[in-house]
Each structure stands twice: as C-alpha cells, then as structure tokens.
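Please examine the sequence and the three-dimensional model shown below.

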Amino acid sequence: MKPTSILCLFLLLFISHTNYAQTTVDDPEIKKMVAEVKSENMEATVRKLVSFGTRHTLSDTKSNTRGIGAAQRWVKSEFDKYALASGGRLTSIIDFFTIKADGRRIATDSQLGNVMATLKGTDPTDDRVLIISGHLDSRASDVMDAKSDAPGANDDASGVAAMMELARIMSQREFPFTLIFVAVVGEEQGLYGAKHLADVAKDGKWNVIAMINNDMIGNSLSSGTLLRDNTKVRVFSETIPFLETEAESKMRKSTNRDNDSPSRQLARYIKTVTNQYVEQLDINLVYRNDRFLRGGDHTPFSQNGFTAIRFCEMNENYDHQHQNVRKENNIQYGDLAEFMDFEYMKKVTCSNLATFSNLAWSPKAPTNVGIEVKDLTNFSTLAWTAPEGKSVYGYNILIRETSSQHWEKAIFVKDTKAEIPYSKDNFFFAVQTVDALGHSSLPVFPIPIR
Ligand SMILES: [Zn+2]
C-alpha cells in the first residue's frame, strides 16, 4: 500500500470514528439552555399563580387580582415579555371558546380560554408542530366550588411554570418549525381546554409530532407512605393507540409491537435525552396512558391520534391535592407552595427542555421503515427512505431485547439500508434520523418487507 493510501485509510477511519462520536456528544447549545432553567423563576411563577386565590375554570373572569381571568391575563403578559426578547417571533393569544353545560362539571354554558404562545419556525416548508402544556385551572375539595381558595401550587401551577420557563428560554433561539406553549383551562372540569386544542389540531390537520403534558411535577413526598424521592419522575404513555385501526391491530399482533406505540417511543426518547442532559433524574416509564382509570391533558391528543405523553411526579401527596385549604387534627391540607420541592421541579423542567429542544432541532423521521423477512437468517436487514427537508447526517438503528424496557444499543449508519448481526427473533429494532449535532428524530418501528 502506498503511503498516501495509508494516510487516506487512516483519515477515513479517523473521520468515521469522529462521525460516530458526533451522534452521541451533547449539543453545547442544549447544555447552555438547560443551565438557564432557574428554580427561582419557577417558584416566583407558582407563587404568582397562587396569589390569584382560585383559578377554578368557572371563577371570576373580571377581577384583575382574583380568579381565572386575572391568571390568564397575567400568563399572557409574561408571554408578551418573552415575545419582545424574541424579536416578534413569539406571539400570544387567549384562545376563547364556549363549552355547553354538560350536566356534570359545567353547570351553564361557559366561555373558556387557553393561553397560548406560538414560536414560529424559520423554515416555511417544515409543517411540523410540537406542543407543551400545563393546566392553569385549579380546584378545591368540591370540583364545582368556584369561590373558595384553590391555590393549585402543584396542580398545576408547577406544569404551567415549567411550560413558561421553556417558552422564555426557547423563544430566544431559532427552530425550523412551530412550537406551541400552552396553559390550558378546564382540566379539572373534564379536560375541556386540551380537548379544544386537540380538536383544532385535528381539524386543521396539524402535523403534531409530539405533545407533552406536565401535570403535577413539583412534589417529592408521598402522603401516607411518606416516600421522599426527588430523583424520579413518571412519564405515562399509551400502550395501544386509541385510534388503532383493524389493520394496525393485526400488524401489531403479528410483529409483537405491544410495547412500541409512537407515544411509548416518545417516552423512551425522553429517557435517553434526560440521561444525557439532566443529572440525578431518572425517567420512570409507566406503561399506561395515565394513572389507573384516570386521564390528563395529553389524553384528548392521544384520542385524536397524536403522539402524546404526561410527565407527573413519582410520589403524589393527597393532603395537598384537590383539598380545601384548612387545618384538621394538626394536619395542613391544601395545594400550597410551601409543600413543593422547587429543585425537583427544576430537574423535571430541564428534562422537558432537553427533550423539546432536541426534537425541535431534529431532522424529520425516516419513512417506509421496514425489515426484510424473505430469508431465514440470523442477520437482520432494515431499510427506510430518507426524509425530506433538513439534511440528515445519518441514522441510528436502535436495538433492545424483547424483555427490555429501554433501548440498549444504537448502531450508527450513513446509508438507508443496513444489515446487522442481530436476529429479529430475539430483538426489537427502531430507526431514527440524526443530524450533525446529534439531534435525533423519534424512532420508527419497522414493518415487515415481503
Ligand atoms: Zn392536574
């Protein structure tokens, strides 16, 4: 071999090694953004929201100091401050809509309003949308009581504060497509605000690639069992998609795709990104759409066919949830800021921010992801189509054993087809796109190519 050839070979090896490393290194900009999350900001937001006395969906809308109306206008005014710093790319509205009396938790026809900020993307050809939410409304012991104090510090000023912190930090950067930050209302009355937005998105054929709901992310002590743990947060994701068709059901059963819904892929993605960017926080994947027999603001999005998950603290405290503020037998009840763990809440917000910005900078996901099944072989061959738009640097083929909760290995390739020495009988696979800074798309589960 001539010396020049040896040099070329060396360079090739060096470059390919460097290239692989690039897919796993941290993006310094995301690290910087994560460092900008401040627990003091979020505590101030929570205390401000508590100061409105009650934010019950059907509470006063006229007063500037008490009730849901004052809270809505304050959140909008904060969005408008961030908008100034964004050079006008962030815009905000209160999206009003009417809910008819439902004979349940809406006594008379009522006007509700989600407070929403939209950060426009820089690429007009990229129609993707990301949504992050918390719910602005709160409740007392009686869900119809719109008058008593309902501080709602954890449920869910915590989620609203996280969403606002992301809006503040992210609106100072540019992203190719649309990001929506929203404080929904009507959660406690029946998920009405989220349902309204999910219907707007469905009717408008929005290309929502992920919806992230934060509901109760600021408490780290369980009532009764007194478990104290600020190192874990739950991410709920649906197992079988609500809108699964008969053909999809058949395919799921034949490929054993019972644990690989798009929302479950998003949950795993959050776990990967959190491990990468957030210290001392584990994502606890819960294999259900929400807590047992319950729902949250991501549920209407799931029901409309979107990929959606919920962040929720590991340990809930029922002394401070859906309780009138009162003292009984020396126990203080009520959802008050003094019972919150703002450092814990900060870590959960960092996890949101790292996930949201990674997705917001990601190339589009691969399409037509398939796995060849015509030959009996101990290798597996996967093939896919490169997405349009932002240039793709390469692809990760993700691998895990069938009994594993999380991806165990990623093989980086540049081509749109790869043969790997792992049998499809023993492993699950998925493929995601990666850009030169390591931002990756949501993984796509392959279907058989016959
Ligand atoms: Zn809630």
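Helix H8 (246–255) gives the most to the lining of the largest pocket, with four residues. Helices (H or I, at least four residues) and strands (E, at least two) are DSSP runs, numbered from the N terminus. The model is a predicted one, in which local features need pLDDT of at least 70 and side-chain atom pairs count only at pLDDT 80 or more, while totals for chains, interfaces and linings use all residues. Residues are numbered from 1 along each chain as its sequence is written, and side-chain values use heavy atoms, with hydrogens and water left out.

The largest pocket has a volume of about 970 Å³. Among the 41 residues of its lining, those closest to the centre are Arg257, Pro262, Gly305, Thr307 and Val444. At least two lining residues come from each of strand S5 (207–214), helix H8, helix H9 (262–277) and strand S11 (367–372). By class, this lining holds 20 nonpolar, 12 polar and nine charged residues. Here Ala, Val, Leu, Ile, Met, Phe, Trp, Tyr, Cys and Pro count as nonpolar, Asp, Glu, Lys and Arg as charged, and the others, Gly among them, as polar.

On a 1 Å grid over the protein atoms alone, a cavity is a set of points where a 1.4 Å probe fits but cannot get out, whereas a pocket is an open set with protein on both sides within 12 Å along at least five of seven lines; lining residues have an atom within 4 Å of a point. Grid points are joined across faces, edges and corners, and a volume is the space filled by probe spheres set on the points.

How many cavities of 30 Å³ or more does a search of the whole structure find? There are two. The largest cavity contains about 80 Å³ of space. Its lining consists of Asn154, Asp155, Met216, Asn219, Glu313, Asn317, His320, Gln321, Asp335, Leu336, Phe339 and Met340, which divide into four nonpolar, five polar and three charged residues. The second largest cavity contains about 40 Å³ and is lined by Ser138, Arg139, Gly152, Asp155, Glu188, Gln321, His322 and Asp335. In that lining there are no nonpolar residues, four polar and four charged.

Asp155 is joined to Asp156 by a cis peptide bond, with omega about 5°, and Asp156 is found in helix H5. His322 has a phi near 55°, a positive value in a residue other than glycine; His322 lies in the loop between strand S8 (308–313) and strand S9 (326–328).

The helices may now be considered in pairs. Two packed helices are described by the angle between their axes and the distance between the axes. Axes are lines fitted to C-alpha atoms, for helices over the stretch in contact, and angles run from 0 to 180 degrees between N-to-C directions.

Helix H3 (residues 39–50) packs against helix H5 (residues 153–170) at an angle of about 130°, with the axes 9 Å apart. H3 and H5 are therefore oblique to each other: angles under 35 degrees count as roughly parallel, over 145 as roughly antiparallel, 65 to 115 as roughly perpendicular and the rest as oblique. The contact (heavy atoms within 4.5 Å) of H3 with H5 comprises 10 nonpolar, three polar and two charged residues.

H3 also packs against H11, at an angle of about 110° and with the axes 9 Å apart, so H3 and H11 are roughly perpendicular to each other. Ser39, Met42, Glu43, Val46 and Arg47 in H3 meet Phe342, Glu343, Met345, Lys346 and Thr349 in H11. This contact has four nonpolar, two polar and four charged residues.

Helix H2 (residues 28–35) packs with helix H11 (residues 342–360) at an angle of about 150°, their axes being 9 Å apart. H2 and H11 are therefore roughly antiparallel to each other. Ile30, Met33 and Val34 of H2 make the contact with Cys350, Leu353, Ala354, Ser357 and Asn358 of H11. Six of the residues in this contact are nonpolar, two are polar and none is charged.
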